[in-house]
Amino acid sequence: MADKIDEKSILSVLGQVNDPSLKKDIVSLGYVQNLKIDGSRVTFTLALPTPLFPSKEKMREDSERVLSVVPGVTEVEISMKTEIRMEQNARGVSGVKHIIAVGSGKGGVGKSTVAVNLAAVFSEYGAKVGMVDGDIYGPSLPIMMGAKNAELSQNERGIIPIEAHGMKFMSMGLLSKGSAPLIWRGPMAHKAVQESLLRVDWGEIDYLIVDMPPGTGDVHLTLVQTVPVTGAVIVTTPQDVGMTISLKTFRMFEQTKVPVLGMIENMSAYLCPHCGKQDDIFGAGTVATEAQRLRVPYLGSIPLNRKIREYADQGVPLILADPMTAAVYVDIADKLATEIYVRNYNKRTLIIEEEPEETAESFAV
Ligand SMILES: Nc1ncnc2c1ncn2[C@@H]1O[C@H](COP(=O)(O)OP(=O)(O)OP(=O)(O)O)[C@@H](O)[C@H]1O
Ligand SMILES: [Mg+2]
């Protein structure tokens, strides 16, 4: 008599396969979906929690291995999809799962370039991405997204974000024509940032990346008071040796209860376009050391590379124009997405195990 296989026994076997980052099995985590048994053939979908998820091949192999010894199973087919989980927070932006602020204390360190390139990597790997120009005084997104002539319009649900390279973005910079700067009074600036987040018809967004202005000012407070921010990324350069400015940014996020998801070192080594040699002109490793001291993840180091600037000026994301050079952003995007889902998972577990301690209203500003 042929061995009878049923859903329960298959799930119990798949329960031996773990997500390596969470050290928890893929069945309890809800990754195994659409399980079908057709005679001796087993098919299911693995729902991955981040767009890149390098452990996916290991999970696939482990699943195939444990199922291969189940009597009666002759064929296993596993498909994969990305299913980014929602941040656990009541008061959010409709349809948006995670809000990530990209900030730094200093101007010109490459926040906007990092924000656009990370967004483009997430999008390229299948996530739904939105971006907000938090820098209302010196907006960069219209140029970096190659949509400086785009015009904003609205429907009954709100402002329609601009779509470029498969991503959506909103920039108040699109309201000022040509190179005329926008002049905002404090309260107007506050409102502009609020509207850029709340009055936009975002649709479904996995990661909404906010390109912050330099410094530790008003926009930051508006952001944290308006929406629940999943976390922040701090971009810094090795020249900020004592990290004095980055440290201020770190404290600001800390004080306003925005988790720092990681630090990125930008424009560290110089990559020679002629010989391809890398030269650590400002010294290497200062940001990594500081991140370790502050106990925040170090997400990686981006070299000073002419191509990064050129494609930013042309409004073409690096991952589309030059995937090889973009590899450094892919690595950083992967670490960032992993940090988000691991934190989210730990937060959920904490909420289940303990009474929730804080509400979204309790910002100590
Ligand atoms: N790794 C890099 N290699 C080469 N050029 C870079 C790199 N990162 C950023 N740049 C360039 O440096 C300049 C400043 O970058 P960017 O506008 O992203 O900085 P920012 O921190 O957002 O500035 P601001 O504070 O004005 O908003 C841009 O011309 C950009 O193309
Ligand atoms: Mg900028």
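## Exercises on a predicted model

The shell around ligand 1 holds 7 nonpolar, 10 polar and 3 charged residues. The model is predicted, and the exercises below start from this shell.

**Exercise 1.** Find which residues come nearest to ligand 1 and which elements each supply at least two residues of its shell.

*Solution.* 
- Step 1. The shell counts 20 residues, and Gly107, Gly110, Ser112, Thr113 and Arg309 come nearest to ligand 1.
- Step 2. Two helices, α3 (111-124) and α9 (306-314), each give at least two residues to the shell.
- Step 3. The strands β14 (260-271) and β16 (298-304) likewise each supply at least two.

**Exercise 2.** Work out the strand order of the open sheet that contains β3, and state which strands stand at its edges.

*Solution.* 
- Step 1. The sheet has 3 strands in the order β3-β4-β5, and its pairing is mixed.
- Step 2. β3 (32-38) and β5 (75-82) each have a single partner strand, so they are the edges, and one side of each lacks a neighbour in the sheet.
- Step 3. From one strand to the next, the twist averages 15 degrees.
- Step 4. β3 and β4 (residues 41-48) run antiparallel and are joined by 5 bridges. Ile37 has Val42 in β4 as its bridge partner.
- Step 5. Helix α1 (residues 7-14) lies across β3 and β4, at about 130 degrees to β3.

**Exercise 3.** Decide whether Lys148 counts as buried, partly exposed or exposed, and describe its surroundings.

*Solution.* 
- Step 1. Lys148 sits in the loop between α4 (141-144) and β8 (153-155).
- Step 2. A buried residue needs 20 or more C-beta neighbours within 10 Å, and an exposed one has 12 or fewer. Lys148 has 15 inside 10 Å, so it counts as partly exposed.
- Step 3. Gly173 is 25 residues from Lys148 along the chain, and their C-alpha atoms are separated by 8.7 Å.

**Exercise 4.** Identify which elements have the lowest and the highest mean pLDDT, and where the pLDDT is below 50.

*Solution.* 
- Step 1. For the protein chain the mean pLDDT is 87, with 90% of residues at 70 or more.
- Step 2. Among the elements, strand β15 (residues 278-279) has the lowest mean, 80, and α3 the highest, 97.
- Step 3. The pLDDT is below 50 over residues 355-365, a stretch with 13 contacts in the model beyond near neighbours in sequence.

Terms used. Residues are numbered from 1 along each chain as its sequence is written. Chains are lettered from A and ligands numbered from 1 in the order in which they are written. This is a predicted model: local features need pLDDT of at least 70, side-chain atom pairs count only at pLDDT 80 or more; totals for chains, interfaces and linings use all residues. A residue is near a molecule or strand if its C-beta atom, placed from the backbone, lies within 6 Å of it. Helices (H or I, at least four residues) and strands (E, at least two) are DSSP runs, numbered from the N terminus. Ala, Val, Leu, Ile, Met, Phe, Trp, Tyr, Cys and Pro count as nonpolar, Asp, Glu, Lys and Arg as charged, and the others, Gly among them, as polar. Two strands pair if DSSP finds at least two bridges between them. Axes are lines fitted to C-alpha atoms, for helices over the stretch in contact, and angles run from 0 to 180 degrees between N-to-C directions. Two residues are in contact if their C-beta atoms, placed from the backbone, lie within 7 Å. pLDDT is the predictor's confidence in each residue, from 0 to 100.
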